[in-house]
Amino acid sequence: MGEIMVNIKIIQGGREIGGNCIRIEDKDRILVFDQGIRFSIFRRFFTRNIEPLGIPELRELRIIPSEKVFENTDSIYITHFHLDHLGLLQNLPVKTKIKVPSIRIFNLFEKWFRFSSSWLKYVPPRYSIQIDEVSLMKSDENNVMAIPVKHSVYPSYGYIYFGSDETIFYTGDFRLTSILDEQYDLKLYESTMIEYFEDNRDIRIDSLIVEGTNFGQITTPMDIRIIRTLIKNMLDEMIIIAVHPLEFELILLMIMELKKLGKNIVIACERLAEILDEYAKQLPEIQRELENTFILIDMVTKGVIFNSIDVSSIEDDPSRHAIIVDVKRIIDYLRLFDIEKFSLGSPIIMLTSEPFEEESIHREEILLRWLNYYGFQPYRTRISGHYYPYEFKKIIKILKPRKIIPIHTRRPELMYELASRII
């Protein structure tokens with residue numbers, strides 16, 4: 001047998017959810033896919049009152065990859081903008097090349113975190129870092145091709161690397177089941193991972209680095225139809241929906257469903273307004289859906305495509321409105337109001353997808369204590385950005401990998417066992 005050229009190293013994420021980092025060595029080429037934060041360790045050492053001392057301390061605690069991981073790297077490829085994949089870009093050496101899913105969304109991240117007073121200030125890169133957008137559905141200078149995948153943040157990509165003696169596909173995080181109606185699903189995804197491999201059956205994947213977040217989970221993600229029913233049953237109430245700011249598809253779905261009920265939809269978070277405004281610039285269909293949507297001027301300073309409304313107008317007739325707010329800003333929002341004007345037991349739907357759980361370092365019981373104090377009834381639901389274990393067979397049969405390498409999972413042995421029955 002000849003010398004093996006391609007060497008895959010799982011630096012982080014091998015038996016945990018989040019913190020992915022993969023290094024691929026192939027002759028003179030070195031690539032890194034993701035370099036996320038290991039929040040499972042982060043939460044053991046840090047709180048709002050105990051901040052990281054800096055990048056060296058985070059490396060020492062193995063919360064982020066060592067600087068040695070990036071030595072002689074040609075490029076670093078980011079699958080999506082959740083921090084357990086994007087990581088802290090100030091961890092990267094000078095003159096590093098980074099490929100990201102969207103330059104425009106990346107620029108929003110820089111704006112949000114550049115002047116943060118917390119550890120989030122380490123998210124934006126140094127000025128010497130080169131940022132490029134990935135090459136969609138075509139091989140770039142490193143023989144890497146970005147393939148769109150459905151996930152809870154948009155856009156998200158998996159990456160095929162056509163190596164010297166091995167073809168590797170790293171899925172990143174993804175789901176198969178869409179939460180949007182077909183017309184919007186097709187607008188956002190002209191082609192996806194499954195469709196690409198069905199249409200290109202000549203591509204043989206030697207190593208499939210595949211996530212398995214939902215393997216072994218004791219809770220089952222909620223069907224979106226149940227949430228639709230929940231909202232309809234709250235027609236006579238003011239509805240508050242708390243969501244992660246990057247959950248674009250879920251936010252869009254909520255806006256469309258609430259419009260059907262005749263609710264005035266109010267965006268009560270600066271970041272939500274900014275990211276929706278950015279997507280509307282790229283997708284005319286989205287802009288039409290956002291027409292007649294409001295921003296709450298008491299919390300949002302500007303919104304190009306939105307109308308404006310203030311707290312007093314909502315207090316005049318709360319039941320006419322549905323409020324969408326960042327899950328981390330619920331209490332800031334409630335403090336603006338005269339709570340006595342709301343019905344005891346008014347609903348707050350907390351759409352807590354995986355980023356809320358993976359990136360969260362605050363105590364949920366404190367949030368619930370505040371909601372009880374104000375007299376609101378929380379409805380905590382989970383909408384998964386990841387495929388279900390029963391869909392694993394379909395994935396393996398279509399991609400037909402020679403071998404799998406589980407990542408982003410606590411149950412890799414279960415994935416190995418299931419794959420061995422199919423491959």
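**View 1. The buried residues of helix H14 are covered by elements that include helix H12 (330-334), strand S16 (346-351) and strand S17 (376-381).** Cover here is counted by contact, that is, heavy atoms within 4.5 Å. Helices (H or I, at least four residues) and strands (E, at least two) are DSSP runs, numbered from the N terminus. H14 spans residues 364-374, and its buried residues are Leu367, Leu371 and Tyr374. These residues sit on the same side of H14 because they cover an arc of only 65° around the axis; the arc is that of the directions from the helix axis to the C-beta atoms. Arg369, Asn372 and Tyr373 are exposed on the other side of H14. Buried means under 20% relative accessible area, exposed over 50%, and partly exposed in between (1.4 Å probe, protein chains only).

The model is a predicted one: local features need pLDDT of at least 70 and side-chain atom pairs count only at pLDDT 80 or more, while totals for chains, interfaces and linings use all residues. Residues are numbered from 1 along each chain as its sequence is written, and side-chain values use heavy atoms, with hydrogens and water left out.

**View 2. Seven strands form an open sheet in the order S14-S13-S12-S15-S11-S16-S17, with parallel pairing.** Two strands pair if DSSP finds at least two bridges between them. Strand S14 (307-309) and S17 are the edge strands, each pairing on one side only. From one strand to the next the twist averages 30°. Axes are lines fitted to C-alpha atoms, for helices over the stretch in contact, and angles run from 0 to 180 degrees between N-to-C directions. Helix H8 lies across S11, S12, S15 and S16, and runs at about 170° to S11.

**View 3. Strand S15 (residues 321-326) pairs with S11 and with S12.** S15 is largely enclosed by the rest of the structure, because six of its six residues are buried. S11 (residues 239-243) runs parallel to S15 and is joined to it by five bridges. S12 (residues 264-267) pairs with S15 over four bridges, also in the parallel sense. Alanine 322 of S15 is the bridge partner of isoleucine 239, and alanine 322 is likewise the bridge partner of isoleucine 265. Asparagine 264 stands opposite histidine 321 in S15.

**View 4. Helix H8 (residues 248-260) and helix H9 (residues 270-282) cross at roughly 90°.** Their axes come within 11 Å. H8 and H9 are therefore roughly perpendicular to each other; angles under 35 degrees count as roughly parallel, over 145 as roughly antiparallel, 65 to 115 as roughly perpendicular and the rest as oblique. Phe248, Ile251 and Ile255 of H8 make the contact with Leu272, Leu276 and Tyr279 of H9. The residues of this contact divide into six nonpolar, no polar and no charged. Ala, Val, Leu, Ile, Met, Phe, Trp, Tyr, Cys and Pro count as nonpolar, Asp, Glu, Lys and Arg as charged, and the others, Gly among them, as polar.

**View 5. Helix H4 (residues 103-113) has the buried residues Ile105, Phe106, Leu108, Phe109, Trp112 and Phe113.** Seen down the axis of H4, they fall within an arc of 150°, so they line one face of the helix. The buried residues of H4 pack against helix H3 (83-86), strand S5 (97-100), strand S6 (130-133) and H9.

**View 6. An open sheet of five strands has the order S7-S8-S9-S10-S18, with mixed pairing.** Its edge strands are strand S7 (144-149) and strand S18 (403-407), each of which pairs on one side only. The twist from one strand to the next averages 20°. S9 (residues 167-170) and S10 (residues 207-211) run parallel and are joined by three bridges. Phenylalanine 169 stands opposite leucine 208 in S10. Helix H15 (residues 392-399) packs on the sheet and touches S9, S10 and S18, its direction making about 155° with that of S10. Helix H16 (residues 412-420) also packs on the sheet, where it touches S10 and S18 and makes about 160° with the direction of S18.

**View 7. Phenylalanine 197 is found in helix H6 (residues 193-199).** Phenylalanine 197 counts as buried because its relative accessibility is 2%. Residues up to four places away in sequence aside, phenylalanine 197 touches Ile160, Phe169, Ile203, Ile205, Ile398 and Leu399. Phenylalanine 197 and isoleucine 147 lie 50 residues apart in sequence and 9.8 Å apart in space, C-alpha to C-alpha.
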